[in-house]
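Here are a few exercises to work through with the model open beside you. Try each one yourself before you read the solution.

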Amino acid sequence: MKKDQLITRRRALIAGAAVLGSAGAAGTARLLTAGQAVEPARSLPLAGPPASRALKPSAYRLQPLAGYGPPPRGTQLHTLVRNEPFMRVSGRGRTMVLSFDDGPDPHYTPEILRTLREYDVHAMFFVCGEMAADNKDLLGVMADDGHIVGNHTWSHPLLTKLSRSAIRSEMERTSDVIADAYGEPPAWFRAPYGEWNRATYQIGAELGMEPMAWTIDTLDWSRPGTRSIVGTVQKEAAPGVVVLQHDAGGERSQSVQALRTYLPRLLDAGYHITVPHRKNV
């Protein structure tokens, strides 16, 4: 079954959900953005790219600390096993995170990187290993530009249908490619289709990665039109949200143009676009 067909089918089966419940992270790790803390989700986003509306923050907050960006190279991070992914940043100010899945793509990713560079903005790229292996130079550019590169598995499978050994292989192979091309192993991972289970959290933690979901789904994977993508981001923009877009996995010219349109508008509106920062605990 093709990726878009799988998404459509799962959406029909599980319409609506994506609301926050009680926080269930195992322990407290400190994660932050520019003076912000990352907030864990309460319930998981649906098969992805799901989460069709902005989610309300829960009362749970991690301890906010100063600073943003990736940790210093060589820093050994302690990673706890989570029960749910992070999907918001919390704290003062109008802070947002932009994230892009499924790349890097040699046609669309450079255009996105060019736009981010033009406005001096950092973002998160959750890459698939099979794409990264063929486009290692783009991971090097991401490193040079200060972006965060996360693990989005090797071949974008539905992890909840795989064995533990298969899940580990998907994650490990991708982490190896990222470490080689980006210069350090990934500190974050995102499950394809937003489908998580206990094994994904455990194996991700064993590989030193925290789970990251999203708050705003632009639905750009379905190519709804540039105006629709821009409208979704502008309508649902709010302090703490994580925006999901795609730089690969299909024809992504709408995604490229949408970013060029909404990014300066967000900045003019006073939003600070940044990336999460993990700190050892």
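**Exercise 1: Confidence**

Work out what the average pLDDT of the protein is.

*Solution.* Start with the ground rules. This is a predicted model, in which local features need pLDDT of at least 70 and side-chain atom pairs count only at pLDDT 80 or more, while totals for chains, interfaces and linings use all residues. Residues are numbered from 1 along each chain as its sequence is written, and side-chain values use heavy atoms, leaving out hydrogens and water.

Next, the average: the protein comes out at a pLDDT of 79, and 71% of the residues score at least 70. Where pLDDT is low, the predicted coordinates should not be read in detail.

**Exercise 2: Salt bridges**

Find the partner of R82 in a salt bridge (a side-chain nitrogen of Lys or Arg within 4 Å of a carboxyl oxygen of Asp or Glu), and say what the pair ties together.

*Solution.* Step one: the side chain of R82 meets that of E210, at 3.1 Å from N to O. Step two: R82 sits in the loop between β2 (36-40) and β3 (86-90), and E210 in strand β8 (residues 210-211), so the pair ties together parts 128 residues apart in sequence. Helices (H or I, at least four residues) and strands (E, at least two) are DSSP runs, numbered from the N terminus.

Step three: check burial. Buried means under 20% relative accessible area, exposed over 50%, and partly exposed in between (1.4 Å probe, protein chains only). R82 is buried at 1%, and E210 is buried at 0%.

**Exercise 3: Two further pairs**

Are D101 and R190 buried or exposed? Then do the check for R223 and E251.

*Solution.* D101 and R190 form a salt bridge at 2.8 Å, N to O, and both are buried. R223 and E251 form a salt bridge at 3.5 Å, N to O. Here R223 is partly exposed, with a relative accessible area of 46%, and E251 is partly exposed, at 31%.

**Exercise 4: Around α6**

Which parts do the buried residues of α6 pack against?

*Solution.* First list the buried residues of α6: A199, T200, Y201, I203, G204 and A205. They pack against α5 (164-182), β7 and β8.

Notes. pLDDT = per-residue confidence, 0-100. Contact = heavy atoms within 4.5 Å.
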